[in-house]
Amino acid sequence: MPEISQVTAPARASRAGLALLASITLLWGLNWPVLKIAVGEMPVFTFRSICLVIGIIGMFFVCRMEGTPWRLPRADVRPCFYVAMINITGWNVASTFGLQHMAPGRASILAFTMPLWAALLAVPILKERLTLTRIVGLMLGLAGMAMLILPDMAHLAIDPLGPIFMLAAAVLWALGTVGFKLHRWSAPGTTITAWQFVFGAVPVIIGALVFDHGFSLASVTWHGWAATLYASVVCTVYCYWAWFRIVGIYPATVAAIGTLGIPVVGVWSSAAVLGEPIGLTEIAALALGLAALVTVLILPGLQRKPVHAAGG
C-alpha cells in the first residue's frame, strides 16, 4: 500500500502541473495582443504599476481564500526580494518596452527563448542534468521559434531595441525561475508570489511617478481599460500563481520548456486580434512546439508507467 501512495502522489502532482501549464499557455498566449492594445494607450510604467497593484490585491485575496498566511518568514525576505527584482520588475518592464518596438506575435517568440537560458543556467546553478529528452524537447521548441523569427530578421535589424528588450526579458525570467528553485522556501507559494508583487511593484511605481507624470488616465479608452483588466486579473494574478505552482512541481528546465506553447498561441491570437499574417510557417512552428511539450512532459510519464505496474 505505501508503494501505491508513493506512485499516485507524484502522478497527481504531474497531472495538476499539466493542467496548469495548459491554462497559462492559453491565457498568457492570448495576453500578447492584449498587451499591445494596452501599451498603445498607456506608458509602460503606468500600465505595469496598475497591473502589479491589482496583482498585489488579488494575490493576497487568494491567500485569504486558501487560508495561507500573509506573513513572509524572515529567512524568505531577502531571496524573495532578489527574485522579485528579476522576475517581476525586470521581466515586466523589459517585455513591455520591447513590445512597443515589435509586433506582439514576434515579441512573444523572442521572450520565450527563456527555456534555452533556463536550461543553461540550471546546469551550473541547480546542478540539473540535461537529459536526452529535455535536450530533444528544447531543440524542437527552439526550432519552431527559429522558423517564425528568421523571416523577420530584416525588420528586426531596422529597429533592434525590440529584440534587445525581449531577449533581456527572456534572460531575466530564466534567471528568476532558476533563482526561485535555488532557495528552500518556508512560506507557501501564494504568499511568496504576493510578496514578490509587493517588492517588484515599488521600482515600477517609482518609474511611473518619475517618467509618466504628464500622462492622464482619462485619455484611456474602454478598449485600453479592458486590456489592462485582462492583463491584471487573468495574467498577473492567476497566471503568476499558476506559474509558481508549476515551478514547484517540475524541475526548472522542464517547467521552462513547458512554456514553449505560449508564443505559438501568441502568434495565432495576434493574427486573429490584430491581423498579423499567418501561414504554413506558423502551423509548422505549432507542430514543433507541441512535439517539444510531448517529448519533455508526457513521454517520460508514459515510459515510467509499466515500471510502476510491474512493481505493484
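## Where to start

Which helix is Ser14 found in? Ser14 belongs to helix H1, residues 2-39; helices here are DSSP runs of H or I with at least four residues, numbered from the N terminus. Ser14 is partly exposed, with a relative accessible area of 21% (buried means under 20%, exposed over 50%, partly exposed in between, using a 1.4 Å probe and protein chains only). Although Ser14 and Tyr250 are 236 residues apart in sequence, their C-alpha atoms are 8.0 Å apart in space.

## About the model

This is a predicted model, where local features need pLDDT of at least 70 and side-chain atom pairs count only at pLDDT 80 or more, while totals for chains, interfaces and linings use all residues. Residues are numbered from 1 along each chain as its sequence is written, and side-chain values use heavy atoms, leaving out hydrogens and water.

## Inside the fold

Now let us look at the core. The largest nonpolar core has 79 residues (a set of buried Ala, Val, Leu, Ile, Met, Phe, Trp, Tyr and Cys residues joined through side-chain atoms within 4.5 Å). Ile24, Trp28, Trp32, Phe47, Met114, Trp243 and Ile246 touch the most other members. Helix H10, residues 222-249, gives the most to this core, with 12 residues.

Take Trp28 as an example. Setting aside neighbours within four places in sequence, Trp28 is in contact (heavy atoms within 4.5 Å) with Trp173, Cys235, Cys239, Tyr240, Trp243 and Ile262.

## On the outside

Is Leu209 buried or exposed? Leu209, which lies in helix H9, counts as exposed because its relative accessibility is 63%.

Conventions. Helix = DSSP H or I, 4+ residues; strand = E, 2+ residues; numbered from the N terminus.
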